[in-house]
Structures are given as structure tokens and as C-alpha cells.
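Please open the model in your viewer and follow the selections below in order.

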Amino acid sequence: MTEDEIRKELAILERSKKDSQAFGELYEKYFDRIFNFIYRQTDDEELAGDLCSQTFVNALHNLPKYEFRGFPFSAWLYKIAGNEVNKHYRKNKGNKIFSIEELKVRELVEQATEGWDEELVERLIKYMNELPTDMIQVLELRFFEDKDFKEIAFILDMTESGAKMRTYRAIDKLRTNFNLKLKYNG
Amino acid sequence: MGKHEIRLRRQRLSARGSDRFRNYGAVLKQHGEEKRIKLITRIFTFLFLIIALIIVLIVIARWENKHSEPQPNASSKEIINKIT
């Protein structure tokens, strides 16, 4: 995101603090990203729709408190969305779901063997089920949402070095167990 | 951290899929309603605190009145005895 874009967003946010209608522009801009982020963690379109709406309602409630801290505004929305998803799972006491697109897995994994190895993917999914949830969360934000470590740290309420460490560890485990060439731009 | 389940999705979510839920008007309406409920709750809490404070003040005032009534002391009794 360029500085000019950030400045434009901040101007919209300042207007939105006085007039909620102005926030509509940011709603349209980020709706799909936030919806997909929630959908990936629920695998339920209706539920993702509800949680996404609640995310934007909460954003509107808390807009007067919003301060620019060097992150794009979207990071703040991701944080609220993540909290909404966590609240949903706490309330319903279910296992957290990570619904990963096959296409994204293809993009993410440069396999040692050429072509799509169904068995390898099955083993990989099984293995990822055994990884700690916080590790999957970091991987999701890093590789599916293309967030940098600073943003991941803000979204998940941890330090930047903590986010890096968690990603390193997760990638290391996948590399050693599956001989995968995962890109890591630390 | 808790347990989780990884699912592999064969199909990409279509833009139309998420468009079904895109409705800023509804978000604004919900925001307005929740804001109103918050305001009403705040007003009721404020009123409740004021009423509670008034009740406490009344109780204290009554207690003070009860304990500050003049009690006949020994010297006044003596004066009454002398007169009679």
C-alpha cells in the first residue's frame, strides 16, 4: 500500500468519524477480503456473512477510538474479524476450522515432484491438523492473506519477533516432514 | 491453543457468493440500533446510580436524626427534682 493510498484512507476515516455514510467506501473496498478471511475460518457462507457484518458494525462503533499506528486500516479490520471468529468458537465450543483452497495450496507449495500429488496433499492436511492452532493462524495470514510480520503481530496481538519465530517453526516443520520448498520472505 | 480442523476446498468462493451478504445499509441500520441501545443502557445505569445515591443519603440523614435527639442528662434530672 502506497503512502498516498494510506493518506486517502485516513481522510475517509476522519470523515467517517463524523458521518457513518462515508465509511461505505471502505466497506466496499474491504468487504470481500474480510468475508474470505472469515469464510476460511468457518467454512460456512451464512455464518461468514453474519460475522462479516458484525465486524463492520464493531468497526463503526469503535471508529472514534481508531488511531493510525503505521499499519493499513485493513489490519484493524482483520483484528476485529479475528476477534469475532474467536468469540463465535468460544460461544459454540467447537473446533476451529481452516478451509483452505486447493488452488492456493498449489500456489503455496512448490513440490519436489512434478504435478499434483493427491496422497502428499492428504498427508499434508493430516499433518497440519496436528500442528498447534496458533501456528496455522500465522501461516494463514502470511501465505493466504499476504500479510507482513508487523501486521500479523498486530492482528494476533503478539510481538513481531514472535510472529516471525512461529512462522519459521511452522515452515521448518513442513520442510523437514514433506520436503517442500516453501517460500519464506522473512 | 485449542484443536482445529483443516479442510481442503476444491472450489474457490465466487464473488457472487460474498455479494449476497454485501449490504452497507443493513450494517448502518444495525450500527444505529446498537448505538441507541447503548445510549439507553447508559441513561438507565446513570439513573439507577442517582436513585441509589439518593436512597443512601436519605438513610444516612434518618440515622443521623435518630442519633442526634437530645437525651436527658443527670444535671437536668437534678433540676427537675429540685423544683418538684
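Predicted model: local features only at pLDDT ≥ 70, side-chain atom pairs only at ≥ 80, totals over all residues.

Select A:Lys147, which is buried at 6% relative accessibility (buried means under 20% relative accessible area, exposed over 50%, partly exposed in between, with a 1.4 Å probe and protein chains only).

Residues are numbered from 1 along each chain as its sequence is written, chains are lettered from A and ligands numbered from 1 in the order in which they are written, and side-chain values use heavy atoms, without hydrogens and water.

Next, select A:Arg166 and A:Asp134, whose side chains meet in a salt bridge (3.7 Å, N to O). This pair links distant parts of the chain, 32 residues apart: A:Arg166 lies in helix α9 (residues 160-178) of chain A and A:Asp134 in helix α7 of chain A (helices are DSSP runs of H or I, at least four residues, numbered from the N terminus). A:Arg166 is partly exposed at 22%, while A:Asp134 is buried at 17%.

Move to A:Asp4 and A:Arg7, another salt bridge at 3.7 Å, N to O. They are 3 residues apart in helix α1 (residues 3-18) of chain A, and therefore separated by about one helical turn.

Finally, select A:Glu28, A:Asp32, B:Asp19 and B:Arg22, which a network of salt bridges links. Over all chains, the structure holds 17 salt bridges.

Conventions
Salt bridge = Lys/Arg side-chain N within 4 Å of Asp/Glu carboxyl O. Helix = DSSP H or I, 4+ residues; strand = E, 2+ residues; numbered from the N terminus.
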